[in-house]
Amino acid sequence: MLFGWELLTEEEENIIAKGIKEGKVYAGPFHLVLFPTDRCNIDCFFCYTSKLREIGDELEWNVLKGALDEGVRMGVKGVSFGGGGESFIHKSFKHILDFIESHSLKVDSIKTNGTTMTLETARRLIKLGLKRITISLNETTPETYAKISRCSPHLFEKVMSGIDNIVKAKREVGSDCEISVQIFVWKDNYHRLKEMISGILKTETDFIYLSTIDQLPMELKFNTEEKEELKDLVRDIMKTYAEKLQCNFISEGLQQFVMEEQYKISPQSVCLPDSCKTPNRIEYCYIGWYSPVIAASGDVFSCCHFSNDKEKSFGNLHKESLAEIWYGKRAQRYRAEMVHLLLTEANRELLPRRMRFISPLCLERSLCAFNYYLGSPDFYFEIHNWAESGPRKRYKTIQRMKANSYDVLRRGKRLLKSWLHF
């Protein structure tokens, strides 16, 4: 499960369920995802926050502390770190860890480039309950790392040292923290895929996260011939490394193929551990009742997928309190759209005419982990059984009537226009 869902009490789960069923929110948030800075000490050519770094957004400690204080009073049990910047270089990162420690919060997950991961920091994070960490190595030699990250080659050794430090800290404490090292697969390196995997596994990390790169210009994306070569390489590496790989090839349209090849060798590697064993989808996104993202700008978002789109912000901590934002109209609009997907079973024909938050990721069962295994299987089944008991049928009927009325009105307008033109 994501973001410490298992820390919830039965009463808190019931409060979340009540809010989903009634289209409201009665408590929370219970977790905070922090993107404290857009600054970074490397400059990956593909990074979506490269333009943001020119502005240099970094959430001031007094604003962030105010949100954390308020979050604790509202029920927050843990935090996660991510974003386009490097959280560890936030000017007050040690103060953030001090706050987490002094309030007995848990650190659930971290995404980092690993360049500043000292052994002391690694030990501290493990002791704070860190469950998973993804270190973006990107490439596997100093020269190729420097090229893709647009930085000095010596930083590659710092990342490798950071990986060693978190592995050592995990071993010392006897933690079950999941350590993943991310490698990007693209035109310049896919021929070395097997070599890269075997090299990284020598670090004793738990998994290698293979990912293609989003938003590349067409000239840098795989052509048809290269995709076929990549498929052959994937078939080969799965024979040896399937159990050690986590894969995201969505941006190149190869995710289904990769999952099928991995499933042939290691079915458990592509079956999320808390997924419900049902032929049809019963898991929908409930993160809007559980955990918002706080960005470096002070904007608060529903989840990381929307965090670079200010139009989808719930509000800004420089202008409103966390509670005002969490219970505000924009957050409620998001929840209403998520309930719509739940009750219509993400039927594209019944999508609202004016969607503000629903994205393609929300519509598919396994494209986004938040609508797949944020909660426990029991929770998903509870909401599913409630929807099937009557609300889903009634809601679908109303939405179909609205859709039909809109179609009639639209045809009438076309006829009227053609008549006036005639």
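**A guided reading of the predicted model**

Phe306 is buried, with a relative accessible area of 6%; buried means under 20% relative accessible area, exposed over 50% and partly exposed in between, using a 1.4 Å probe and protein chains only. The model is predicted, so local features need pLDDT of at least 70 and side-chain atom pairs count only at pLDDT 80 or more, while totals for chains, interfaces and linings use all residues. Residues are numbered from 1 along each chain as its sequence is written, and side-chain values use heavy atoms, with hydrogens and water left out.

Phe306 lies in the loop between strand S9 (299-301) and strand S10 (315-316). Helices (H or I, at least four residues) and strands (E, at least two) are DSSP runs, numbered from the N terminus. Leaving aside neighbours within four places in sequence, Phe306 is in contact with Phe301, Lys312, Tyr334, Phe357, Ser359 and Cys362, where contact means heavy atoms within 4.5 Å. Leu317, by comparison, is 11 residues from Phe306 in sequence and 17 Å from Phe306 in space, C-alpha to C-alpha.

Two strands are said to pair if DSSP finds at least two bridges between them. Strands of a sheet pair through backbone hydrogen bonds, either parallel or antiparallel.

Within this order, strand S5 (residues 178-184) is joined by five bridges to strand S6 (residues 207-211), and the two run parallel. One of the residues involved is Gln182, whose bridge partner in S6 is Tyr209. S4 and S5 also run parallel, joined by six bridges; here Asn138 has Ile183 of S5 as its bridge partner. Six of the seven residues of S5 are buried, so S5 is largely enclosed by the rest of the structure.

The buried residues of helix H8 (residues 193-201) are Leu193, Met196, Ile197 and Ile200. They cover an arc of only 95 degrees around the axis, which puts them on the same side of H8; the arc is that of the directions from the helix axis to the C-beta atoms. An α-helix has 3.6 residues a turn, so residues three or four places apart point the same way. The cover over the buried residues of H8 includes strand S4 (132-138), S5, S6, helix H9 (224-241) and S7.

H9 itself has 18 residues and reaches 25 Å from its first C-alpha to its last, close to the 26 Å expected at 1.5 Å a residue; the expected span is 1.5 Å times one less than the number of residues. Glu226, Leu230, Lys231, Val234, Ile237, Met238 and Tyr241 are the buried residues of H9. Seen down the axis, they fall within an arc of 145 degrees, so they line one face of H9. These buried residues pack against H8, S6, S7 and helix H10 (255-265), whereas Glu225 and Lys239, on the other side of H9, are exposed.

In soluble globular proteins, nonpolar side chains tend to be buried together. The largest nonpolar core in this model has 127 residues, and those with the most contacts inside it are Ile166 and Leu210. A nonpolar core is a set of buried Ala, Val, Leu, Ile, Met, Phe, Trp, Tyr and Cys residues joined through side-chain atoms within 4.5 Å. Helix H7 (residues 154-173) gives the most to this core, with eight residues. Ile166, leaving aside neighbours within four places in sequence, is in contact with Met117, Ala122, Ile126, Leu130, Ile133, Ile135 and Ile179.
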